[in-house]
Amino acid sequence: MKKKLNIAILTVSDTRNPKTDKSGEILKSKILNSHHNLLEKKICKDNKIEIKNILNAWLKKKNINVIIATGGTGLTKRDITPEVFKSFFEKDIPGFGEVFRMLSYKKIKTSTIQSRACAGISNGKYLFSLPGSPSACKDAWDEIIKYQLDSAFKPCNLIEILPKLK
């Protein structure tokens with residue numbers, strides 16, 4: 001039997017709201033169509049303190065296993081999500097960003113260098129920071145995350161080591 005995980009989604013954007021948050025809604029749909037639970041979904045501005053406060057609160061919740069953020073991974077001055085996430089990482093998962101950019105290269109060629117998608121571990125939870133593009137969120141979930149959050153995926157997955165993270 002597949003292990004169900006509890007997932008929280010954070011959309012980081014100065015322009016998105018509940019009606020225009022396409023990427024957050026795509027992730028929500030993907031999670032709900034999977035065997036996992038969506039525990040929380042929030043939208044916040046590209047603001048370091050606001051992002052940190054949400055992450056701090058979610059990292060303290062024992063029932064959250066995974067945090068996925070969308071937005072704020074580009075190169076502009078306002079794009080700060082990777083820096084905030086990395087400040088929480090106890091360990092990073094560099095392969096996630098590498099594989100994401102490899103997949104992205106097939107669609108957008110060298111423009112993929114502008115993505116700073118990243119992942120890591122904090123307080124026994126997995127954290128993923130994805131670009132704000134709906135296509136990027138689909139690709140990250142469909143090509144990487146859904147497999148690594150599937151306890152039946154072989155040869156190995158992130159679920160089987162989850163109990164060993166703390």
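Predicted model: local features only at pLDDT ≥ 70, side-chain atom pairs only at ≥ 80, totals over all residues.
Which residues in α4 meet which residues in α5?

View 1. Residues are numbered from 1 along each chain as its sequence is written, and side-chain values use heavy atoms, with hydrogens and water left out. Helix α4 spans residues 94-108 and helix α5 residues 134-148, and the two pack at an angle of about 120 degrees with their axes 10 Å apart.

**View 2. Residues in the contact of α4 with α5.** From α4, F96, V99, F100, L103 and K107 meet S135, A136, D139, A140, E143, I144 and I145 of α5, contact meaning heavy atoms within 4.5 Å. By class, the residues of this contact comprise eight nonpolar, one polar and three charged.

**View 3. Helix α1 alongside helix α5.** The axes of helix α1 (residues 22-33) and α5 come within 8 Å and cross at roughly 25 degrees, so that α1 and α5 are roughly parallel to each other (angles under 35 degrees). The crossing of α1 and α5 is also right-handed. On the α1 side, K22, S23, I26, L27, K30 and I31 make the contact, together with P134, C137, K138, W141 and D142 of α5; these residues divide into six nonpolar, one polar and four charged.

Technical notes. Axes fitted to C-alpha atoms, helices over the stretch in contact; angles between N-to-C directions. Helix = DSSP H or I, 4+ residues; strand = E, 2+ residues; numbered from the N terminus. Nonpolar A, V, L, I, M, F, W, Y, C, P; charged D, E, K, R; others polar. Parallel < 35°, antiparallel > 145°, perpendicular 65-115°, else oblique. Left-handed = near helix turned anticlockwise from the far one by under 90°.
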